[in-house]
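Please keep the sequence and the model in view while reading.

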Amino acid sequence: MPETTTLLAALLEAGQDGYVSGEELARQLGVSRVSVWARLQKLKGEGLTCTAVRGRGYRLAAEPTVLHPAVLAAYIRLRQRGKSPGINVIFLPETDSTNLEAERRLAAGANTPFVVFAARQTAGRGRLGRTWHSAEGGGLYLSFAFQPKLPPARMPKFTLWIALRLCRMLNEGYHLPVKVKWPNDLVFEGRKLAGLLTEARIDADLMRDLVCGLGLNVNGDPERWAQGRSSTGSAAAKIAGTLQQVNSGKPLPINAVAADVVLAGKAAFTDFIAGRTEKEFSELWSRYDALNGNAVSVTLMDGTLKGRAAGLDASGALKISLPDGSIRTVQSGDVSLGGYG
Ligand code: BTN
């Protein structure tokens, strides 16, 4: 695997139109040029074909359009310039839910931090008991597992913090003008692109195990999601969007996005634990808050609240300015734009 990672990293570094010579590949791998050729044949067997041009060298004929563990590893290596990312990356072709998978691994004593990806989920879960569309293809389904030993009261801000850092990564790294919608979504023009589901095991008033799941719609068209694939299938498709749609229909390199998600998530966790968040949180929130001053209606357990989104309190709860001028703070709920003029 590390050798394949080196090989793929060199090919990816050359870029879409660039070539890397057989000599250079042989140098990086510490093997002969004949062995390079044999290794490229092996890659072909894994669905990664290279084009060879005399005098120029090799390049990947095309990047895989689905999550591919070796390509993901190669992107992480490239981004880190060979430095360890400090997080164990696990890839599964299928699981019920990556959050459940992470919980099982934590219960079995797995070292943290780790992140587990699945190409598809058979029981992807959303907030409030909803299901998450988890077919194989253009979506990323993953869960980070951390052991932060922090007071549970910091959890709401943790989810928002991760969302903000992911949002910044997509804005700055991919020029996608996405925003964060309280309490756990990434959105663009009213369409939900991603959701986060954070779950914790709490012992003696401290978070022991923290699992932060992310479903991110990268490529594809939600209108085509098979109806009945999940209980929210057609309803979800109505409000769902993909990064590809935000990118004017151009598909994104899903393995590069996955690598950036891993690195942004890990860095966000490290900074959160170190307490390096307050100033940056406010800056990012003012830049990426999707609700900012808008008329909203919030569905609560005991009814609906209509007002204007008025930012967050210190704990990360949403402040709603009501028509009578008072402020109500909500800890959780479903927010939709509109509903109050
Ligand atoms: C939501 O918006 O309701 C949260 C959705 C979270 C979905 C992700 S997909 C990966 C991880 N595994 C799950 O079962 N759920 C989260």
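**Backbone, ligand site and aromatic rings**

Leu128 is placed in the loop between β4 and β5; helices (H or I, at least four residues) and strands (E, at least two) are DSSP runs, numbered from the N terminus. The model is a predicted one, in which local features need pLDDT of at least 70 and side-chain atom pairs count only at pLDDT 80 or more, while totals for chains, interfaces and linings use all residues. Residues are numbered from 1 along each chain as its sequence is written, and side-chain values use heavy atoms, with hydrogens and water left out.

Leu128 has a phi near 55°, a positive value in a residue other than glycine. With a relative accessible area of 59%, Leu128 is exposed; buried means under 20% relative accessible area, exposed over 50%, and partly exposed in between (1.4 Å probe, protein chains only). Asp205 also has a positive phi, near 65°, and is found in the loop between β8 (191–203) and β9 (206–217). Asp205 counts as exposed because its relative accessibility is 63%. Most residues other than glycine have a negative phi, and most peptide bonds are trans.

Two peptide bonds call for attention here. The bond from Thr112 to Pro113 is cis, with omega near -5°, and Pro113 lies in the loop between α5 (98–107) and β4 (114–121). The bond from Trp182 to Pro183 is cis as well, with omega near 5°; the place of Pro183 is the loop between β6 (179–181) and β7 (185–188).

The protein chain as a whole has 10 helices and 14 strands. Its radius of gyration is 22 Å, close to the 20 Å that the globule rule gives for 341 residues, so the chain is as compact as a globular protein of that length. This radius is taken over C-alpha atoms, and the globule rule is 2.2 Å times the number of residues to the power 0.38. Buried residues make up 50% of the 341 residues.

Which residues are closest to the ligand? Of the 20 residues that surround the ligand, the closest are Ser97, Gln121, Arg125, Arg127 and Lys192; a residue is counted if one of its heavy atoms lies within 4 Å. A polar side-chain atom of Lys192 lies 2.5 Å from an oxygen atom of the ligand, and one of Thr98 lies 3.1 Å from a ligand nitrogen atom. Taken alone the ligand exposes 410 Å², and the protein buries 98% of that; accessible areas come from the Shrake-Rupley method with a 1.4 Å probe, and for residues only the protein chains shown count as cover.

The aromatic side chains come next. The whole structure holds seven aromatic pairs; rings of Phe, Tyr and Trp (its six-membered ring) pair if their centres lie within 6.5 Å, and planes under 30 degrees apart count as stacked, over 60 as edge-to-face and the rest as tilted. Phe146 and Phe158 form an edge-to-face pair, 6.1 Å centre to centre with 80° between the planes. This pair links distant parts of the chain, with Phe146 in strand β5 (residues 139–146) and Phe158 in helix α6 (residues 155–174), 12 residues apart. Phe146 counts as buried because its relative accessibility is 0%. Ring pairs link Phe144, Phe146, Phe158, Phe269 and Phe272 into a cluster.

Conventions: Polar contact = N/O pair within 3.5 Å; in protein donor to acceptor, adjacent residues only side chain to side chain.
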